[in-house]
Amino acid sequence: MQPHERGQIKHLVSDGPGALAFLEAKPPAEWLCVLDPQIRYGALEKSDDENEVWSPFDSYALDDDIPPSLVDPETSRPRRDMPPNAWSAFDPNEHDRAGSSLRSLASLSGPQSMRHSPMAPRLGRLAAWVGTVCNDPITPWWAAKQGGLHPDVAEMVRRNLSPQSAENDVGRAWSVIFTSLEHSRSDFDTRWFEFAEEVKAFGWDDARVLRWANLLAPRVVVTGYRTSKPPEAADDGKRTYKNRLLDGDVKYPKEHDRVEPSDGFLIKASELVRRSLVDAQILETHASGYLYLNIPPIRRDPDLRGDNYSRDFGISRLFFRYVRLLGRLAASNPEAALKEARGWPDDRLFDRLRIWASGEWTFWPVADFAKMLLALSNDVFWTMDGQRDFLLSVKARWSEIPARAQASIVSRILKGPDRFESETPSDYRHRRAYRALERLEWLANEGCDLGAGYPAQRKKLIKAVRTWKAEYGTEAVRSMEGTVGFVGSDEDPKPLEGVPAVDLLSTAARLGARDWGRRLEEKRPYRGVVNTRPVRAFRALMLSGLGSEFSWAWDDFFYSDGRKTDGDRFRALIGSRLAQLPAAVIRARIRAIARWIEVIAEGMPPEGVPWFASLWSNVIAAVREDPTCCRSGVHSPDRIDWIMLALNSAAGDLAQALMSMGDRVDDGAFNPIWLGRIESLLGIGGEVRRYASVLLLRNLAWFNHWAPAWTEEHLLALRHGDDHDREAFWHGVLSARTAPPKKLFAALKDEMLSLAAKPNDHDRTERLAGFLLIGWSSREKGKGRSITNDEMRDLLIEAGDAFRSQVLWHLNHWSKENRKWKLLMREFLAQVWPRQRIAKSPAISSRLFDLAIESDRAFVAMVDLVEPLMTTVDGDATLLFKVNRKTSLVERQPQALLKLLFKALPRDAGQWPWGAEEAVTRLGQQASVAVDNRMVELRRRLAAR
């Protein structure tokens, strides 16, 4: 079918009678892909052999769809941006609104479908059609991508789902979708905040404990499977479809502030969380088709470095919340803790708890301990995640266990784990012996008597393992959980004591491997020598460290904090030796050398010392031969951040070195030696010039004050170069702490206005808005403002919401800090801010709303200023939070507040921001506005929601 033919169907389903005809025609489910812009503009799909590329736009586009931008087909699943106004059959349109007396109509799918508003009759007919095709795998595949379905759609599916589908992948997919819809509330953060505030104010009771558990209960979520191509039948005989119909997962809400029931409610809280853990395992299996329990040891490993992120991820978050409650319950009421444990079901997750608690709780009956261990399934008995808790519990109770039970536990360990399905007999014998030996050796090392027969068994096990080392037995209780954090270093220099200087680096390299046992730590003995004996470390560097394999040693030496406190004689030695290095070596180590120059140049007069002049000349000469050696150490694939590039380059280090020198200005002019070094750096050109200029331009006003002609020739001229030059120039200028002085501002004003009118990143937009606002506020005698009202107004009209928003942000913050800006802000809003519709977006209206709410005593006047400039705000705004916290505002200025709210709140109360209902309700209780027509209308909108 051609795009224009699909376009005809678009027009058909865009009104009620056409949607009815579409329903009666019973077209196939694949039409969902035509009616939904998310599918039409989906990512390109490659065939399994990657020889063919399939485009959903080519297959489903309408004749009036805007063609997507070209993407590189060689990338993995290249994505396309969907136009903001792309047509969707499933959202209310003008015909729907015109034919309905309701002010709030819901969408058929997506987040806006989850409101309690009814759908238009047209969408109801499309919902009925979705029900008729619900047994086609395309339909649940499509539904999973929507982020929500209207309740009427879900009901239509339930009515039409066939018994055959209920037993296959289609029925299972719908079951997961229905569960996710029941769990679909997305306002957890708000509800948790309100609940936490309530608990702080009123304390705990049984009902709040129940609400606490419900708030933190697991929730099923569904996302569409990553493919843009509808599901196809598989031909391998193993799967029903080539790809999954959806991705199901279970989410575990994370409280921002830990709020847990007080001791008096621990029994009830523990019971409720235990039930949630049982439910979580059911939901995990339901959502993804399997249960994966990757729960780390309950007892933390003190030798494990970094953040144990796996304890707060997935089901582990709920599991360790339960562990915390059990720990508190055991400490305050051991009998209740044992009673709670007797209610644990027999499964892998609660078996992990039994292993831990039976060793952690001294009141756990010892007779039950051995019996419990021996009754464990092999999967639980030999799990690696639980091995630490297993061994620590056995050790803790070993002396209490009867000898016969001890022998039974040793015998169970000697049998080893089960054999893997694909494991060879030889591999299995080796693994079984290793797993048994590491546990038994650890227990023996910890003083557990394993019986008279163990020494003979030990010999057999060591023989089977073949490569056994004694330290393996000490590592059995190490946690295998994942951690994140910075890699630490062991900088003990003792391993290098007595090593000749010429062999120091090679020996350090051999010793400096990562300690995978302790993890997040590596051995750096040379760094220890750098810190304790820097002269010896530098001698080793000059003797054998010029090769590429020892670049790490240059970083260790020159980036050491010790270089900041070296004495003059040692600095002279370093500088002289560096100045004598071949140009190729200087280029290869340019970053370390430039970094050291930056360190030692601080406060040094330009005349400095003889070795510095020689070193500078040789470094510049080496770089001039091949400037690519100064490329930045960072990469910006999407947007070039010239400041970041410069700060991470040798050229940037050299520029900052010059800016840190002393006596740069002499008798009202720049020191010629110092200025000559800057010219030598800029004269290299290319990226070196850009990196250096970016950092020098942060001091543009200072350069221009002392040497305006030189500044024009060497710094300002960069803005007349190529695109990269201009970008680098403006990054430098806009990174300055203050706006340029008036004369310099006048020279750059037109270019800044032009730049601000274009889309920019957030940082540049913020800086431009601030600089130009300062320009508007400054006046020159007899000449008026540096930027006129008309110029600023024209810019606000031409620029986007991002620029307008930043201007209002600056006005708001500056007016709080400076009384002058309070007056300027009112003048700006009254005389400059545009009245045109383009400047009245929901986002800008939210900013203006903030200005009024935060104006305190000037609230009434500010409302009069901003209300004509506003439109309604969107549902994501958080501005009503401020209204509800300013109780006095409702009482002191109800008339002005009503005027502001009536302008800000949409006609559809279903789209009101969070907190709006509370604000309107409280405002309606004020006698002065209770019968105001606007108040009556707001109440009516609430009632119609």
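Biologist: What should I keep in mind about the model and the numbering?
Modeller: The model is predicted, local features need pLDDT of at least 70, side-chain atom pairs count only at pLDDT 80 or more, and totals for chains, interfaces and linings use all residues. Residues are numbered from 1 along each chain as its sequence is written, and side-chain values use heavy atoms, with hydrogens and water left out.

Biologist: At what angle do α22 and α23 cross?
Modeller: The axes of helix α22 (residues 425-445) and helix α23 (residues 454-465) cross at roughly 135 degrees and come within 8 Å. Helices here are DSSP runs of H or I with at least four residues, numbered from the N terminus, and axes are lines fitted to C-alpha atoms over the stretch in contact, with angles running from 0 to 180 degrees between N-to-C directions. That makes α22 oblique to α23, where angles under 35 degrees count as roughly parallel, over 145 as roughly antiparallel, 65 to 115 as roughly perpendicular and the rest as oblique.

Biologist: And is that crossing left-handed or right-handed?
Modeller: The α22 and α23 crossing is left-handed, meaning that the near helix is turned anticlockwise from the far one by less than a right angle, whereas clockwise would be right-handed.

Biologist: Which residues make the contact?
Modeller: Counting heavy atoms within 4.5 Å as contact, α22 contributes Arg429, His430, Ala433, Tyr434, Leu437, Leu440 and Glu441, while α23 contributes Tyr454, Arg458, Leu461, Ile462, Ala464 and Val465.

Biologist: How do α44 and α45 pack?
Modeller: Helix α44 (residues 842-853) packs against helix α45 (residues 859-866) at about 160 degrees, with the axes 8 Å apart, and that makes α44 roughly antiparallel to α45. Their crossing is right-handed, and Leu848, Leu851, Ala852 and Ile853 of α44 meet Phe859, Met862, Val863 and Val866 of α45.

Biologist: Switching topic, how many disulfides are there?
Modeller: A search of the whole structure gives zero disulfides, a disulfide being a pair of cysteine sulfur atoms within 2.5 Å.

Biologist: Last one, where is Arg539?
Modeller: Arg539 sits in helix α26 (residues 534-544) and is exposed, with a relative accessible area of 53%.

Terms used
Helices (H or I, at least four residues) and strands (E, at least two) are DSSP runs, numbered from the N terminus. Buried means under 20% relative accessible area, exposed over 50%, partly exposed in between (1.4 Å probe, protein chains only).
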